[in-house]
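Subject: Structure handover

Hello,

Here is the structure I promised to pass on. Please open it alongside this email; my notes follow below.

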Amino acid sequence: MSEKTEMTTELALLGVLAVLWGASYTFIKIGVETIPPVTFIAGRTLIAGGILLGLIRWRGLAMPRDVVIWRRFMFQACLNSVIPFTLIAAAERSIDAGLATILNATSPIFTFLLTALITRHEPVTLRKLVGVGAGIAGICLIVGTEALGGLGHQLWAQLAVIAATVSYAAAAIFGRNFRGLDPMLPAAGSMICGAAILIPLSLVFDRPWTLTPSTASVLALLGLSVFSTALAFSIFFRLIHTLGSVGTTSQAYLRVPIGVGIGALFLGESLGPTAWLGMAFVVVGVAAMTIPARQARLAR
């Protein structure tokens with residue numbers, strides 16, 4: 001496969017990941033209407049982990065037995081599922097799916113900052129700085145002044161989403177520790193560890209056997225687990241190694257118009273009139289932050 005074809009494939013997967021994760025906010029919004037956040041996320045990690053384990057066995061692979069790797073899986077689970085999944089699910093009981101999408105789209109900013117200030121494993125270039133600026137501009141245009149003016153309401157929920165975003169950024173960087181493993185292995189390992197943490201909490205605090213979830217919430221849980229978790233995380237760990245952590249999290253800019261659009265279509269949430277112009281800035285931001293990743297990879 002040529003370098004050009006390979007990069008086209010990776011960018012296409014980046015778009016697929018943006019769609020899968022863009023839809024996740026609507027799934028969550030519907031799901032937590034009748035399922036408590038901890039139980040909802042426990043179900044998400046358990047179902048996704050089970051699907052990934054089945055796919056791993058079908059492909060003839062085996063989960064690693066090294067204790068050190070499983071410790072890394074546990075830490076990755078905290079960064080990439082237990083903490084952010086639960087925070088976002090709890091927050092979406094108070095705020096719209098569209099607003100959660102927008103706030104969570106700042107993950108490339110935090111990844112960029114963590115990379116530049118702490119790990120320094122990816123070069124800080126003018127193009128990436130332009131990408132960050134363009135992405136922020138696009139997000140502001142898509143949200144609109146009315147939505148931005150509402151940031152003071154339900155402050156705890158909005159801060160929870162931002163905290164989840166920082167956790168995602170750290171997870172994108174820590175995910176480099178799984179280089180050399182098939183992408184499904186850390187995806188499955190982190191989901192299994194996440195379920196191991198969350199299921200006991202669900203049993204103690206939510207007593208799930210007493211719940212009566214709606215059909216819509218159950219279907220949302222299944223859609224979230226199969227598509228926005230099992231499939232999405234397999235793609236995520238692959239892209240971490242091919243596009244880099246900043247390049248991979250740049251799909252958040254695409255996720256904004258997709259997530260807001262899905263929320264508008266299925267939940268009746270409104271889009272701002274400047275959304276199209278904002279999407280143009282978003283595309284510029286994605287290109288600026290992913291193209292350098294290809295150049296850096298070719299230089300190695």
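Start with Phe-40. Beyond its neighbours within four places in sequence, Phe-40 is in contact with Phe-27, Ile-28, Gly-31, Val-32, Ile-35, Ser-217, Leu-221 and Leu-224. Keep in mind throughout that this is a predicted model.

Phe-40 is one of the buried residues of H2. The others there include Pro-37, Thr-39, Ile-41, Ala-42, Gly-43 and Arg-44. Further along, Thr-45, Ala-48, Gly-49, Leu-52 and Ile-56 are also buried. H2 has 22 residues. From first C-alpha to last, H2 reaches 32 Å, close to the 32 Å expected at 1.5 Å a residue. Just after H2, Gly-60 takes a positive phi of about 80 degrees.

Now the nonpolar cores. The largest has 58 residues. Phe-40, Phe-233 and Phe-236 have the most contacts inside it. H1, helix H2 (37-58), H3, helix H4 (97-104), H7, helix H8 (184-205) and H9 each give two or more residues to this core. H9 gives the most, with 10 residues. A second, separate core has five residues, among them Ile-102, Ala-105, Ala-252 and Val-256.

Next, Ser-217, one of the contacts of Phe-40. Ser-217 sits in helix H9 (residues 215-242). Is Ser-217 buried or exposed? Ser-217 counts as buried because its relative accessible area is 0%, and the cut-off for buried is under 20%. Leaving aside neighbours within four places in sequence, Ser-217 is in contact with Ile-30, Gly-31, Glu-33, Thr-34, Ile-35 and Phe-40.

The largest cavity has a volume of about 210 Å³. Its lining has 18 residues, and those closest to its centre are Trp-21, Tyr-25, Asn-104, Tyr-168 and Arg-255. By type, the lining divides into nine nonpolar, seven polar and two charged residues. Helix H1 (3-31), helix H3 (67-91), helix H7 (155-174), H9, helix H10 (244-249) and helix H11 (251-267) each supply at least two residues of that lining. H1 gives the most, with four residues.

Then turn to the lining of the largest cavity, including Trp-21 and Arg-255.

Best wishes

Definitions and conventions
Residues numbered from 1 in each chain as written. Predicted model: local features only at pLDDT ≥ 70, side-chain atom pairs only at ≥ 80, totals over all residues. Heavy atoms only, no water. Buried < 20%, exposed > 50% of the residue type's maximum accessible area, 1.4 Å probe, protein only. Contact = heavy atoms within 4.5 Å. 1 Å grid on protein atoms, 1.4 Å probe; cavity = no way out; pocket = protein on both sides within 12 Å on 5 of 7 lines; lining within 4 Å. Points joined across faces, edges and corners; volume = space filled by probe spheres on them. Nonpolar A, V, L, I, M, F, W, Y, C, P; charged D, E, K, R; others polar. Core = buried A, V, L, I, M, F, W, Y, C linked by side-chain atoms within 4.5 Å. Expected span 1.5 Å × (residues − 1).
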